[in-house]
Each structure stands twice: as structure tokens, then as C-alpha cells.
Amino acid sequence: MRLAENRPDMEKVISYIKQAGELFTDRTMAGKILQKGSTDFVTMVDTQVQEYLQGTLRQHWPHIQFMGEEKDNSEINFDGSVWILDPVDGTTNLIHDFMHSTISLALAERGTVVQAVIYQPFTGEMFSAEAGRGAFLNGEPIRVSGTPSLASGLISVGTAPRMRESTDRTFRVMQSIFERCHDIRHLGSASLELCYVACGRLDGFFEDGLSPWDYAAGMLIVAEAGGAAVQPDGKPLSLEHSCSVAAANLMVLEELKGLL
């Protein structure tokens with residue numbers, strides 16, 4: 001049986017993610033924090049969302065492997081089907097009650113993302129895409145902006161907080177982009193920023209050192225919305241190791257890559 005014939009039903013997947021999103025409003029769980037690094041945190045919301053979705057997805061689609069931010073993923077084989085989950089993208093935001101966090105879930109088949117769902121529980125916005133079928137926000141089609149150049153664009157630039165040794169480079173890049181665009185933003189959730197590129201709220205996005213669960217779903221949503229998310233040298237993003245990510249409509253992306 002071909003993988004596509006055994007692909008999960010998107011409506012079911014979306015319903016499970018909505019249920020998991022209810023955990024985001026529990027401030028008690030958000031306040032139970034484990035510090036993995038000086039700027040790297042995990043809350044009880046992260047662990048509970050991952051446990052719920054891992055169990056639910058495995059129950060309904062036991063043939064699909066599970067890759068999650070809060071687990072050891074050394075056994076993953078990308079020759080098959082793999083869920084790629086970030087249970088809370090924007091954990092620092094969640095800790096501070098800065099309501100820009102998402103659940104980001106992608107399905108990869110033979111190393112290619114074919115389904116994607118990103119849910120912002122605080123606004124109820126559900127971004128989704130399937131390969132070859134377009135990108136959607138709450139069921140309505142979305143497209144990247146038609147902004148023709150960086151000079152007229154609004155660009156989000158991430159600060160890569162876990163890479164403090166690269167701070168000088170990060171802010172040099174930020175300044176270089178800022179000097180050439182309308183203005184810059186930073187939401188603290190790469191998956192959400194990729195969705196904002198996909199629906200035209202942002203004209204571009206860049207951040208160093210992101211993990212596959214940060215961008216796996218967002219890269220498909222951007223692509224299906226008519227844009228692209230790639231490494232700064234134009235190479236495809238990897239699902240097996242961290243990457244720097246540049247995303248935009250195709251006109252702005254060429255300028256971004258030139259700067260980066």
C-alpha cells in the first residue's frame with residue numbers, strides 16, 4: 001500500500017489538536033517549569049500536550065512514528081511516515097502569558113512533509129495544509145503577500161535565544177534587514193511567524209538555528225500558500241537536523257537570501 005493511501009484524515013487530526021489546545025489556558029500548569037538550559041524551558045503544558053497527542057495519534061495511526069521536542073528521537077527512520085510535533089512553540093511566551101504560542105504538527109512521508117497543522121489556541125486560528133491542495137486558515141484559502149520587494153516589506157527576525165554565542169551576528173543580520181525594509185517584528189514562535197508569512201501578515205521571516213519541529217509544519221503551509229521556506233543558501237530545510245530558516249514570497253525571498 002502506498003503511503004498516501006494510508007494517510008490520516010485531516011479533520012480528525014485537527015479535532016485532536018483543538019482538544020490539546022485547551023491545556024494552554026491552564027496557568028497553573030504553565031507555571032510548572034523545568035529549565036533545560038539558560039534560555040530553554042519546558043512547562044507541564046509542553047509535556048501534557050505531547051503525551052496526549054502522542055498517545056492519541058498512536059492509537060489511531062499506529063504505523064506512524066512519532067518525533068517530538070520533549071523526547072529522544074534517535075530511533076526515527078525518515079524512510080517511513082513520521083509525525084513531527086512541537087507541543088508548545090513559544091514556551092517562553094507561554095510562561096510570561098504573552099499569548100503567541102502554538103501547537104505545530106507535521107506528517108512527513110519518506111522525508112517530505114505532506115500534511116501540516118498549526119494551532120494558535122489563544123486566537124482560535126487553525127492553519128493547515130496538505131501537499132498539492134493549498135493552505136488554509138480556519139478552512140479558508142490563504143496566500144502569501146504580493147509585496148514586490150524587501151523595501152516595502154514587514155519582516156520578522158528571530159533572536160535565536162539558545163545561541164547566545166552568535167548574538168553579534170544575529171543583531172548584525174537584524175540591522176541589515178531593518179535598514180532595507182519597512183520594519184521588523186519578532187513574535188517568539190517560529191511556527192506562528194511562518195503562518196503569518198503564509199497568510200500575508202508578514203512579508204518575510206528569518207531565524208538561525210531552528211529545530212525541525214519548529215518549522216516542519218510551517219514550511220509546508222508557506223509553500224502551499226505560494227511562498228517558500230529554505231535555508232539562507234537556498235538549500236531545502238532538513239527534517240533530521242537544525243537549520244537556519246528564511247521564508248517569504250518568492251520575490252522577497254531572493255533579496256533575503258542575498259542579505260543572509
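D89 lies in strand β4 (residues 81-89) of a predicted model, in which local features need pLDDT of at least 70, side-chain atom pairs count only at pLDDT 80 or more, and totals for chains, interfaces and linings use all residues. Residues are numbered from 1 along each chain as its sequence is written, and side-chain values use heavy atoms, with hydrogens and water left out. Strands (E, at least two residues) and helices (H or I, at least four) are DSSP runs numbered from the N terminus.

With a relative accessible area of 6%, D89 is buried; the term stands for values under 20%, exposed for values over 50%, and partly exposed for those in between (1.4 Å probe, protein chains only). The side chain of D89 takes part in a polar contact of 2.6 Å with the side chain of S191. A polar contact is a pair of N or O atoms within 3.5 Å; within protein, one must be able to donate a hydrogen and the other to accept it, and residues adjacent in sequence count only if both atoms are side-chain atoms. The D89 side chain also reaches the backbone nitrogen of A190, at 3.2 Å. When neighbours within four places in sequence are left aside, the residues in contact with D89 (heavy atoms within 4.5 Å) are H100, S101, T102, S189, A190, S191, L192 and D214.

Side chains of opposite charge can pair when their charged atoms come close. Ten salt bridges are found in a search of the whole structure, a salt bridge being a side-chain nitrogen of Lys or Arg within 4 Å of a carboxyl oxygen of Asp or Glu. One of them joins R27 and D97, whose closest N and O atoms are 3.8 Å apart. This pair links distant parts of the chain: R27 belongs to helix α2 (residues 27-30), whereas D97 sits in the loop between α4 (91-95) and β5 (102-109), and the two are 70 residues apart. R27 is partly exposed at 34% relative accessibility, and D97 is partly exposed at 38%.

E254 and K257 form a further salt bridge, with an N to O distance of 3.0 Å. Both residues lie in helix α8 (residues 250-259), where a spacing of three residues corresponds to about one turn of the helix. K257 has a relative accessibility of 22% and therefore counts as partly exposed. A salt bridge is also present between E179 and R180, with the closest N and O atoms 3.9 Å apart. Here E179 is exposed, at a relative accessible area of 53%, while R180 is partly exposed at 41%.

Aromatic pairs number three in the structure. In the pair of F24 and F122, the ring centres are 6.1 Å apart and the planes lie at 70°, so the arrangement is edge-to-face. Rings of Phe, Tyr and Trp (its six-membered ring) pair if their centres lie within 6.5 Å; planes under 30 degrees apart count as stacked, over 60 as edge-to-face and the rest as tilted. F24 is located in the loop between α1 (10-21) and α2, and F122 in the loop between β6 (112-120) and β7 (125-130), so the pair ties together parts that are 98 residues apart in sequence. F24 is buried, with a relative accessible area of 0%, whereas F122 is partly exposed at 25%. Elsewhere, Y16, W61 and W83 are linked into a cluster by ring pairs.

F178 is part of helix α5 (residues 167-178) and is partly exposed, with a relative accessible area of 43%. Apart from neighbours within four places in sequence, F178 is in contact with D183 and I184. The C-alpha atoms of F178 and V157 are 9.2 Å apart in space, for residues separated by 21 places in sequence.

For the protein as a whole, the secondary structure comprises eight helices and 14 strands. The radius of gyration is 17 Å, close to the 18 Å that the globule rule gives for 260 residues, so the protein is as compact as a globular protein of that length. This radius is taken over C-alpha atoms, and the globule rule is 2.2 Å times the number of residues to the power 0.38. Along the principal axes, the C-alpha atoms fill a box of roughly 50 × 40 × 35 Å. Of the 260 residues, 55% are buried. Among contacts between residues at least 6 apart in sequence, 62% join residues at least 24 apart.
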